[in-house]
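Let's walk through this structure together, one piece at a time. Have the sequence and the 3D view open as you read.

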Amino acid sequence: MLLSSIYTFLLCFIVYLLKVSSSSSEFSLEGDYLLGGLFALHEVDHATPLSTPGMIECSRHTFSVSGYQMLQVMRFAVEEINNSTTLLPNVSLGYDIFDHCSATKNFNAVFSFISQNGSIKPKEMHNNHQPKVIASIGPYGSTSSMTIAPLFTVDLIPMVNYGASSYALSNKLQYPSFLRAVPSNKDLIQMIIHIIKWFGWNWVAFLGGQDDYSKDGLRQFNKYISNSGICLAYQEALILEANYSLALKKIDMLKINVIVVFAVPQVAKNIIKAAIANNIQNKVWIAGETWSMDQQLPRESGIDKIGTVIGITERLQTLPGFDEFIYKVKGASDIHNNYSIEVPSYTCNQACESCTPLTAEEIINENPTFSFGIYAAIYTIAHGLHKALQCEMSKCHKNTTVRPYMLLEKMKKVDFPLNGRQVKYDDNGDPTVNYAVILWHTKMNPPQYEMVGTYDTYPEITFTINSSLLPWHNNSVPLSNCSSECKEGFSKVPEGFHDCCFRCEKCARNSYVNYSRDPFTCFPCRDMEWSVEGSTACNMRSVVYLDYTEISSIMFIFTAICLIILLIAILCLFINNHNTPMVKSAGGSMCLLMLAFLTVSNLSMFFFFGKPTYTKCVLRNVIFFFCFTVCLSCLTVRSFQIVCVFKMASKFPYLHSLWVKHNGQWLFILFSSVIVLIVCLLWVTVATSKPVMDTFSFEDQILLRCDGGTTVTISTVVFVCWLFGLLCLIFSYMGRDLPSNYNETKSITFSIVLYYVSYIAFFTAFITLKSKYLILLNAMSQLASINAIVFSYFIPKAYIILFQPEKNTAAYFQTSIQSYTQTISRN
């Protein structure tokens, strides 16, 4: 058996090297430059593994009308070029064609192509080696092409393919001499993904074979659906003898309604026939280009029930003159007989007994999917030769030596129109894409194909489908989704392994979902934005603060200015009447100090308005609290001093003498001021008041306000202020029965109580309400505290100075003291 296989292999190889081709043979034609052609005129249904070298007899296997049609397209293109007076005017092309029915048992044909004068020298340099063929066409199929491509790579013989779409062949490091006239699987898969996205499907199955074509397609499909929203719910690589029914039942059980069949014709036919037999109904079948224009499948009984078949194929191009060429070929009565006599059919794989009975109509009506690819491949070689031979309008320089690698360089750069399509190749040797989406009309007799969409990459990427031409079941686009799409404003929460399976969850307030960015996440709005529940975008917030131009602000500022003027007027009045009993009873110099600090504290009111800044935030509170606390310390010491003079001098004379001798009132004010100053400095440095953006109080607004600092610092400042206020109240109560001229219990009590009430009201509003007018309430509480002291303590005294001068005398005050002494003595 081993010797027989080797003998057959060597015999066939020797026959090809020694035979003289007849001009009447369909497989051979003499010419100045010989082209090799590999076409599958027969299909091997069951390939057996090889353990020894051997050769197959293709004619013993199933005849392929499509393969024979491809052979005729090559012959037609060569004849058309030879008849051209402009492309290769004085140069003729010849060909040597083989029946390439096996990926592993047709090496005799390849050896014939790469041989020189009947021998093969693998180590021969490119510059000295001139193989039998200048370029090769074919073979059909990725596996066959990848098997023999390395043999052509040795001498960089151009290998222009018409039916191998595996993207692996685009790798120029492995396949430097490989070009193809059909798009790669990458383009085909991208086209399929475009269709799936067009109709909103995301739950699909992928069926293929165990060949390189299907494996590469699956690899590309998984690559390009990543992060696309499409889920591969089921995939299967089937052999010819596989249990197709089991795979289809699993698909039906998973409720997958879109099935991509990316397989060679034999496997695709088995899948469709199994679907018919298993009563698989109302599915969408997406056919790869290998079987999308199959002439027999649409005629299968019951195929109209399996659903809608959408095919992808290269945009069909008519070949003018091809029909006439076929009629002329079939009109020659002895072409096959002559060749059969010349070369024995059982060794050559250049004989085709089944081709003879074919009619011209059968050849013309066969699947034309790869016709233009073959036609374009032959013209690519011709245009490359045109450049390599430096052809002019009427002649080419035939004396120019053209090696295969020289031709390859020129072929990669060709760019020419052919039957309305531009033929050019990218850096990977891949052509431009001109796909058509076709719909099978299986209910018609005979079945028809209708183009319903297109996909082009030249001159730019365009994709479109006329959905109105698709007669869907129940007149609606079928659903093939694991989960229904979420309503607007709902994010997807994954359930299970696939991203396409999810439940919907409404996005919360101040968040949104962006389906183009990530449909599974509710993104939080930025600080400057806001949104309601279930939003797909955020709205810009309006920035609010207490502006100078608001009516309430203007009225308040006007009031503050009036108060400052009043304080300055009272200060001037008291300075002018500094030596009068009324001013002295009010505290003398201490009174002037109080008025000065009240005036300065009133300046803090102007920092509450306008856009908050660091300076404003510091000054609005620090100035007031420092100045007002010093003023309270003066009131405290003043009320204590009166009690001390009238009540404690007689009981504690020594302590009173020390107080008077060392100016105890000023020491107390100085000590209190230093304490307050330290507290304020700590407030400014440790936890200062600073401008902040309040994004929580309002949904659609950002409130610009000042942050008071930490709770500790604020509490300390408030405690110091309120402590002095409490001391004032205590000493005022102790002096409630003093002479009327010195009795300031009511005025001090009123001012302190108003101070407490205003701030209690402000703190209550601060806790319960949120508004920019809280800032105004803060300013009003400070202004009310100042007004309380001014109108209860200073205004009555100013009134007496101005309008009751008789009460501003030493005699009047002496009478009050005597009256108080008599009252005390009686008691």
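Two strands count as paired if DSSP finds at least two bridges between them. Strands themselves (E, at least two residues) and helices (H or I, at least four) are DSSP runs, numbered from the N terminus. You are looking at a predicted model, in which local features need pLDDT of at least 70 and side-chain atom pairs count only at pLDDT 80 or more, while totals for chains, interfaces and linings use all residues. Residues are numbered from 1 along each chain as its sequence is written, and side-chain values use heavy atoms, with hydrogens and water left out.

Let's begin with a hairpin: six residues connect S26 to S27. These two strands pair in the antiparallel sense over five bridges, and Val692 stands opposite Arg705 in S27. What is the order of the strands in this open sheet? It is S25-S27-S26, three strands with mixed pairing. Strand S25 (542-544) and strand S26 (690-694) are the edges, each pairing on one side only. S25 runs parallel to strand S27 (residues 701-707), joined by three bridges, and Val543 has Ile702 as its bridge partner in S27. From one strand to the next, the twist averages 30 degrees.

Another open sheet has six strands in the order S1-S5-S2-S6-S7-S8, again with mixed pairing. Its edge strands are strand S1 (28-29) and strand S8 (178-180). Strand S2 (residues 33-39) and strand S6 (residues 135-137) run parallel and share three bridges; here Leu35 stands opposite Ala135. Helix H4 (residues 142-153) packs on this sheet, where it touches S2, S6, strand S7 (159-161) and S8. The direction of H4 makes about 160 degrees with that of S7; such angles run from 0 to 180 degrees between N-to-C directions, and axes are lines fitted to C-alpha atoms, for helices over the stretch in contact. H2 lies across S1, S2, strand S5 (93-99) and S6, at about 175 degrees to S5.

Now for helices that pack on each other. Two packed helices are described by the angle between their axes and the distance between the axes. Helix H2 (residues 65-82) packs against helix H9 (residues 322-331) at an angle of about 105 degrees, with the axes 10 Å apart. H2 is therefore roughly perpendicular to H9, a label for angles of 65 to 115 degrees; under 35 counts as roughly parallel, over 145 as roughly antiparallel and the rest as oblique. Among the residues that meet are Tyr68 and Phe76 in H2 and Phe322 and Val329 in H9, where contact means heavy atoms within 4.5 Å.

How do the axes of helix H5 (residues 185-198) and helix H6 (residues 212-224) cross? They come within 9 Å and cross at roughly 50 degrees, which means that H5 is oblique to H6. The residues in contact include Leu188, Ile192 and Ile196 of H5 and Tyr213, Phe221 and Tyr224 of H6.

Finally, look for salt bridges, each a side-chain nitrogen of Lys or Arg within 4 Å of a carboxyl oxygen of Asp or Glu. By this rule there are 19 salt bridges. One of them joins the side chains of Lys269 and Asp294 (3.7 Å, N to O). This pair links distant parts of the chain, 25 residues apart: Lys269 sits in helix H8 (residues 265-277), and Asp294 in the loop between strand S12 (283-287) and strand S13 (307-314).
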